[in-house]
Amino acid sequence: MARRLDDEEITRQLGDLPGWTRDGDTIRASFTAPDFPTGIRLVDEVAADAESMDHHPDIDIRWTTLTFALSTHSEGGLTQLDVELAHQISQAAARLGAGAGSTTPS
């Protein structure tokens, strides 16, 4: 079981996650892939990471824009698992050339 992060911890850790914002008990970020197949490759990489962590994001796919939302539902808020997966998503996006974008799906 992961421990819920307090507001100070969340704010501090979001400082190391450019493009990620807090929305209540969720953190979210959008990335724009160079093309649709690259966006799907990003989803595939994130799926593999999420499965290995047994921690699964909500993913919205709109052509080349991918929005990821993270929360630890079993803990009723944000935990270190969310922060760790956010870092992995950001790293995978950078490797595939997907830039950070708006946090609102289009």
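**Salt bridges, a nonpolar patch and a cavity**

Modeller: In this predicted model, the side chains of Arg95 and Glu45 meet in a salt bridge, with N and O 2.7 Å apart.

Biologist: What makes this contact between Arg95 and Glu45 a salt bridge?

Modeller: The term requires a side-chain nitrogen of Lys or Arg within 4 Å of a carboxyl oxygen of Asp or Glu, and the N to O value for Arg95 and Glu45 is 2.7 Å, so the pair qualifies. Arg95 lies in helix α3 (residues 80-95) and Glu45 in helix α2, so the pair ties together parts that are 50 residues apart in sequence.

Biologist: How many salt bridges does the structure hold, and which residue does Arg3 pair with?

Modeller: The structure holds six. One of them joins Arg3 to Glu9, whose closest N and O atoms are 2.9 Å apart; another joins Arg28 to Asp23, at 3.4 Å from N to O.

Biologist: How do you know whether Arg3 and Glu9 are buried or exposed?

Modeller: The cut-offs are under 20% for buried and over 50% for exposed. Arg3 is at 55% and therefore exposed, while Glu9 is at 16% and therefore buried. In the bridge between Arg28 and Asp23, Arg28 is partly exposed at 23%, and Asp23 is also partly exposed, at 45%.

Biologist: Which residues make the nonpolar surface patch, and why can Trp63 belong to a patch?

Modeller: Phe36, Ile40, Ile59, Ile61 and Trp63 make the patch, which covers about 490 Å². The elements giving two or more residues to this patch are α2 (36-53) and β3 (58-62). Trp63 itself lies in the loop between β3 and β4 (65-70).

Biologist: What is noted about the backbone angle phi of Trp63 and of Asp54?

Modeller: Phi of Trp63 is near 55 degrees, a positive value in a residue other than glycine. Phi of Asp54 is likewise near 55 degrees, again positive in a residue other than glycine. Asp54 sits in the loop between α2 and β3, and its relative accessibility of 62% is over the 50% cut-off, so Asp54 counts as exposed.

Biologist: How many cavities of 30 Å³ or more are there, and which residues line the largest cavity?

Modeller: The count comes to one, and the largest cavity has a volume of about 30 Å³. Leu5, Ile10, Gln13, Leu14, Ile27, Leu78 and Val83 line the largest cavity. Helix α1 (residues 7-14) gives the largest share of this lining, three residues.

Biologist: How do the residues of that lining divide into nonpolar, polar and charged?

Modeller: Six are nonpolar, one is polar and none is charged.

Biologist: Why is Ile10 called buried?

Modeller: Ile10, found in helix α1, has a relative accessible area of 4%, which is under the 20% cut-off, so Ile10 is buried. Ile10 and Phe31 are 21 residues apart in sequence, and their C-alpha atoms are 21 Å apart in space.

Key:
Residues numbered from 1 in each chain as written. Predicted model: local features only at pLDDT ≥ 70, side-chain atom pairs only at ≥ 80, totals over all residues. Heavy atoms only, no water. Patch = residues over 30% accessible without salt bridge, like charges linked within 9 Å, V, L, I, M, F, W, Y side chains within 5 Å. Areas by Shrake-Rupley, 256 points an atom, 1.4 Å probe, with all protein chains shown as cover. Helix = DSSP H or I, 4+ residues; strand = E, 2+ residues; numbered from the N terminus. 1 Å grid on protein atoms, 1.4 Å probe; cavity = no way out; pocket = protein on both sides within 12 Å on 5 of 7 lines; lining within 4 Å. Points joined across faces, edges and corners; volume = space filled by probe spheres on them. Nonpolar A, V, L, I, M, F, W, Y, C, P; charged D, E, K, R; others polar. Buried < 20%, exposed > 50% of the residue type's maximum accessible area, 1.4 Å probe, protein only.
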